[in-house]
Amino acid sequence: MHYHQGVCRPGAHPYHLCDVPTDAEINGRIPSSTYVATIPAIHRMATYNIVLSFLSVVFAYIGFTQYRNHKRKEEENKAVAERHGCLPATRLQNQRPWGIDRLEQIFRADAESRLMELFLFHFRQTGSTLEQKFLGTKAYGTIEPANLEAIFSSNFKDFGIGPRRAITFPMFGDGIFTQEGPAWKHSRDLLRPQLQHKQYEDLEVFEEAVDDLIDLLKKETEGGGVIDLQPLFFRLTLDITTAFLFGESVRSLVTPEAAGERTFANAFNTAQQWVTKRFRLLDLYWLVNGKEFRQACDDVQTFADSLIDRNLSPKRARSEKKGKYVFLDTIAQNYSDRSALRGQIINLLAAGRDTTACLLSWTFFLLIRHPSVLQKLRDEIDSVCGTTPGLTRSVLRKMPYLQNVLNETLRLYPSLPVNTRTAIRTTVLPVGGGPDGTSPVLVPKGSALAFSVYSMHRRPDLYGMDAELFRPERWEEEMPMQKDHTKHKWGFLPFHGGPRICLGMDFALTEAGYTVVRILQEFQSIRLPEGEPVELVGVEKQQMTLVISIKDGCMVKLQ
Ligand code: HEM
């Protein structure tokens, strides 16, 4: 068969596929398959060659431009490094190409519930600042107070939240945690008046939820029983957060089903676990996006919608009557569309619920394993207020040992133990480079930077040789870090610092202090149940999502 020019059959196109063999084909001189390459095919090949040549030129140009830009950036970075006297930080060694082994280590340690131990081990290997290959790109890590001061405060403008927005967006939506620039500032301005201490000075906002908790504990442990406090603290902080921010509590401690708490709590935990996995892949986060994740995000959003519907109904005008600032009312006036409102709510639920629930769980976990600390705390409560009802914030402030217990718990178990930022322009960390770790370190634009306050808070050179021990008394003594102004100011950062410092710091400490005192006032005996393990601090199994909780819960024996 061949292409034929001219008409060989009546009605045939002058330029058609002809199945009448030519003489040459019959004689076998030209194989018919070769003969197919006639004029149109040659045209096609020519066009193909031109396109190919053109694309080669384009790709070569792009490649060259990228190489030139890369070289130019390298030159610029080199100049910045020279100007500041930067030296590289110690490299955390990889055993496999692309730093794949790091990811394996992280997933394995997490499956064994000891991820923080792995990070501690890394910093012990390298010193307080390190660089590493992570999925083929260079990333940095630090637990050095001077560097944290630069990240949070003096060089705040050089760092952004990086892929955090994209990673968490399906769950968090648009809100204070996922925003930057003017949108973030606007959210912060709206929230700030709500979190001024005059809004909760009388502690009334905590009272109903703590009453509910105590009633539940009494009912469940009548005559002395064992109970896991951790899930109850998650319900307590949900009730307090909803009461405080939205004007009405969901009262999940009383009716978890009606409050939708179980669905919400499960969905929230599931979604957070997925988000955590996405964080570990940084720029490759989109690889982790299963159906379970999407369903959990939908459920979280449905719960937020139910809060909006319940609390913005025309019937509800209590907040105005009491003259209190109710955040939900303010954001409803500021954001007309539902998804913006929903995003703000989910962000605040995340901020207010899990962090404080973890603090309370770890506090009791530590107290029942350190009976002398528990007794000292009871003595302080007895001397300041006994069992008199009507606690206020100023009464709590007369209990320094209580504050020390909370500080010591947050030192060993900061609710957000690791976090990241991304350099939005080439910048410099003041220390961590060179063989002795005292030279500045260059952080090129686009680099990821992780910091672990969990690891920093366990440094013996900051807290003393017994830094691994739970000892609230250290807060009354002079600690090694106090000899250096920067270390003193930036060596304890459970709430971070600088312009993005936690807005709920005082609220959370007041909430936790109030809850601890009320529980101790109510139950004369709180002990470690028989058979519960007592391990070295930090060796117990930990559950890591965005926050750090206790893998096996906080079992207590109450009387
Ligand atoms: C023990 C309890 C708490 C701890 C340890 C804690 C810790 C933190 C930390 C470390 C951040 C900084 C996150 C970052 O910049 O990446 C933060 C931010 C924030 N926290 Fe807390 N938090 C606690 C409780 C609360 C509570 C109860 C609220 C509100 C009711 C709250 C509201 C916020 C808000 C709104 C932000 C965002 C600030 C911003 O990005 O500008 N926090 N918190």
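Two strands pair if DSSP finds at least two bridges between them. Helices (H or I, at least four residues) and strands (E, at least two) are themselves DSSP runs, numbered from the N terminus. With that in hand, let us walk through the structure.

This is a predicted model, in which local features need pLDDT of at least 70 and side-chain atom pairs count only at pLDDT 80 or more, while totals for chains, interfaces and linings use all residues. Residues are numbered from 1 along each chain as its sequence is written, and side-chain values use heavy atoms, with hydrogens and water left out.

Strand 5 (residues 137-142) pairs with strand 11 in the parallel sense, over four bridges, and G141 has A450 of strand 11 as its bridge partner. Strand 8 (residues 418-423) runs antiparallel to strand 11, joined to it by five bridges. If you look for T422, you will find A448 of strand 11 standing opposite.

Now for the loops. Between helix 4 (100-111) and helix 5 (115-126) lies S113, which has a positive phi of about 60 degrees although it is not a glycine. S113 counts as buried because its relative accessibility is 6%. The loop between helix 10 (229-246) and helix 11 (261-280) holds R251. R251, not a glycine either, has a positive phi of about 45 degrees, and its relative accessibility of 30% is why it counts as partly exposed.

Notes. Buried < 20%, exposed > 50% of the residue type's maximum accessible area, 1.4 Å probe, protein only.
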